[in-house]
Amino acid sequence: MAETSTTAEDDQDTGGLRRSITGRQLFFYTLGDVLGSGIYVLIGLVAAAVGGAFWIAFGVGVTVAAITGTAYAELVTKYPQAAGAALYVSKAFGNKVLTFLITVSFLSASFAAAGALADGFSSYFATLWAGPPALLVTLLFILVLTIINFIGITESVVINMVMAFIEIAGLIIVMIIGIWYIAQGNAEFATLTEFETGDGTSPAVAILAGVALSFFAMTGFENTANVAEETIDPHRSFPRSLIGGMVVAGVIYVLVSMAAALTVSTDKLAGSEAALLEVVQTGILPISTPFMTTLFSVIAMIAITNTTLVAVVTQPRILYGMANEDVVPGMFSKIHATRRSPWVGLLFSAVVVAALLVVGTLVPKVEGATLIERLSLVTVLFLLFIYALVIVSCLKLRGRDESEKTYRANTPLLLVGLVGNLAIFGWSVYDDPTSLIWCAGLLAVGVVLFLVEYLFGKRSRPPGQERGEATPETRGVS
Amino acid sequence: MHVIVATDGSRQSLRAARHLKSFADPKKITDVSVIAVTRPLAAVAFADELSPKDRRKADLEAGGFKKAAESAAAVIAAEFEGWGPKVHQRLRSGSPANEIIKAAQQLGAGLVVVASGGRGLSDTVLVGSTAQRVQHYAPCPVLVVRPNPRPRRKKS
């Protein structure tokens with residue numbers, strides 16, 4: 001009678017995972033993830049870089065990102081394991097150093113993004129209550145998100161959808177204001193073709209500068225690879241939801257930038273820390289402006305929180321994976337007994353982000369760039385590097401592990417995307433070499449962790465144990 | 001009777017499984033379903049602390065958290081091998097408490113075995129623990145296996 005049936009040959013409901021995420025939920029996950037980040041946070045900076053025509057920068061940034069999205073979609077349908085860029089690069093190149101570099105880059109990008117978003121949050125927070133200093137708000141923000149992640153209440157896909165709807169609602173408010181303004185006949189459409197070419201720069205350069213920043217607004221889509229495994233019918237629904245979500249986000253971005261450019265002067269947008277709020281504060285809609293201001297600030301804060309949460313979830317997850325591969329100290333794979341959260345990783349990530357914010361608040365006064373601009377550029381640099389490599393990996397992995405169900409990205413488009421990624425990368429480095437110092441600093445965190453594990457990792461093991469082998473203590477069942 | 005043994009990959013869940021074995025009558029149990037739930041949106045979707053560490057590493061590389069969950073479920077299932085009842089392994093994804101309760105309903109379970117992880121302050125202060133929710137909403141009796149109490153240190 002004794003019979004242990006294993007997964008494969010058991011009856012209907014065993015076998016694989018019972019998948020829980022529908023294509024539509026994935027679409028909103030993508031949309032919410034992408035929308036929250038950029039536009040609320042740095043529309044003002046993009047406007048300052050390009051001028052009234054900054055919607056073009058968003059359009060170009062979105063296009064390059066969406067093309068990169070097709071490479072992700074192809075790779076995800078080939079390798080649905082939730083591992084993302086590091087796995088693809090490892091499959092394509094089989095080079096451990098490169099894989100480590102990609103993983104650490106992704107981790108660093110996520111740190112910088114969380115910092116930039118926290119700063120964006122504090123800008124909107126200040127419009128509601130200007131009392132506490134920005135640094136305190138950002139630090140508390142990160143602390144609260146870390147606690148939320150520790151408890152683990154972000155697991156609900158429903159909450160994700162609600163957040164996405166709120167984010168979209170905020171952007172729709174901006175669009176309605178734009179339409180209302182045009183309907184009143186006040187709009188000057190010439191603004192939309194104005195370029196900030198004051199110091200002899202050509203429009204193309206102005207756009208390129210804006211694209212680098214606007215690219216930050218598209219980041220976040222790569223996190224959807226995390227949930228690919230749980231998606232129902234991933235071969236069909238994943239490419240559609242991912243690219244569909246990005247295209248919709250792109251259209252919303254372009255329309256919102258147009259609305260902002262028409263209703264508020266570029267100088268005012270450029271000078272504002274919470275630029276989209278300026279649009280609401282013009283009082284164009286026949287609704288009480290203070291009420292709208294409060295409402296919009298709250299929406300913006302929810303949107304930013306949503307995206308930051310995803311970033312904060314990603315960091316300990318990467319550290320956990322690395323600890324299991326013995327490239328960072330083993331304590332990062334420690335799981336809290338009750339909450340099942342990687343608490344060491346969470347805590348460490350929070351400390352790194354906090355350090356970024358503290359250093360960033362003290363240093364840029366010398367350098368002349370704002371904290372948020374710096375951190376978003378650093379994020380973008382890391383991500384451009386990753387995206388370019390993902391596209392190369394996608395091309396390199398052609399012909400391997402394919403089935404008729406595999407989604408196939410358009411090759412010429414991928415090449416355009418690769419050139420686009422590299423062009424933006426090159427320009428950003430050329431324009432702002434200081435960012436490289438920050439990138440190096442973040443990479444150093446990863447390298448230090450590796451060295452700590454390499455030099456001291458084996459001491460905690462009894463003699464005769466291989467790196468990675470379980471000790472009785474780590475395995476032991478009482 | 002169909003018994004569901006839930007695992008979150010913790011050693012405590014293995015103890016829960018052993019506890020069931022220690023007193024239950026295998027003749028009265030027809031099926032044992034080992035259920036592992038991955039949490040796609042959590043920082044670590046599934047932490048396998050049961051398989052040997054090199055196995056875990058290979059799992060994460062080859063199949064991500066799903067593989068980790070499979071391995072953990074396999075360790076628990078192996079506990080019941082040769083005990084009598086049919087053993088099944090089932091993987092689900094979502095909120096652990098919800099998925100365990102849903103599985104109990106779908107399988108018409110007669111008993112759900114869960115482990116209650118912590119014994120510290122966090123367990124009592126923070127709401128929403130899986131074991132607590134399963135106890136409240138499961139359609140059948142629930143066996144919650146608590147950790148051994150920590151030996152009290154005498155203060156002088």
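**Close-up views of a predicted model**

**Figure 1. Overview of chain A.** The accessible surface of chain A amounts to about 18,700 Å², and carbon and sulfur atoms account for 67% of this area. The structure shown is a predicted model. Chain A contains 17 helices and two strands. Of its 478 residues, 58% count as buried. Where contacts in chain A link residues at least 6 apart in sequence, 81% of them join residues at least 24 apart.

**Figure 2. Helix α2 of chain A.** This helix covers residues 54-78 of chain A. At 1.5 Å a residue, its 25 residues should span 36 Å, and the end C-alpha atoms lie 37 Å apart, which agrees. Because 20 of the 25 residues of α2(A) are buried, the helix is largely enclosed by the rest of the structure.

**Figure 3. The largest nonpolar core.** This core has 153 residues, of which Tyr40(A), Phe54(A), Tyr124(A) and Leu276(A) touch the most other members. Helix α14 of chain A, residues 371-396, gives the most to the core, with 17 residues. In soluble globular proteins, nonpolar side chains tend to be buried together.

**Figure 4. Surroundings of Tyr40(A).** Leaving aside residues up to four places away in sequence, Tyr40(A) touches Leu35(A), Tyr124(A), Glu167(A), Gly170(A), Leu171(A) and Leu276(A), and also Phe296(A), Ile299(A), Ala300(A), Ala303(A) and Ile304(A). Tyr124(A) and Leu276(A) are named with Tyr40(A) among the core residues that touch the most other members.

Terms used:
Residues are numbered from 1 along each chain as its sequence is written. Chains are lettered from A and ligands numbered from 1 in the order in which they are written. This is a predicted model: local features need pLDDT of at least 70, side-chain atom pairs count only at pLDDT 80 or more; totals for chains, interfaces and linings use all residues. Side-chain values use heavy atoms; hydrogens and water are left out. A nonpolar core is a set of buried Ala, Val, Leu, Ile, Met, Phe, Trp, Tyr and Cys residues joined through side-chain atoms within 4.5 Å. Buried means under 20% relative accessible area, exposed over 50%, partly exposed in between (1.4 Å probe, protein chains only). Helices (H or I, at least four residues) and strands (E, at least two) are DSSP runs, numbered from the N terminus. Contact means heavy atoms within 4.5 Å. The expected span of a helix is 1.5 Å times one less than its number of residues. Accessible areas come from the Shrake-Rupley method with a 1.4 Å probe; for residues, only the protein chains shown count as cover.
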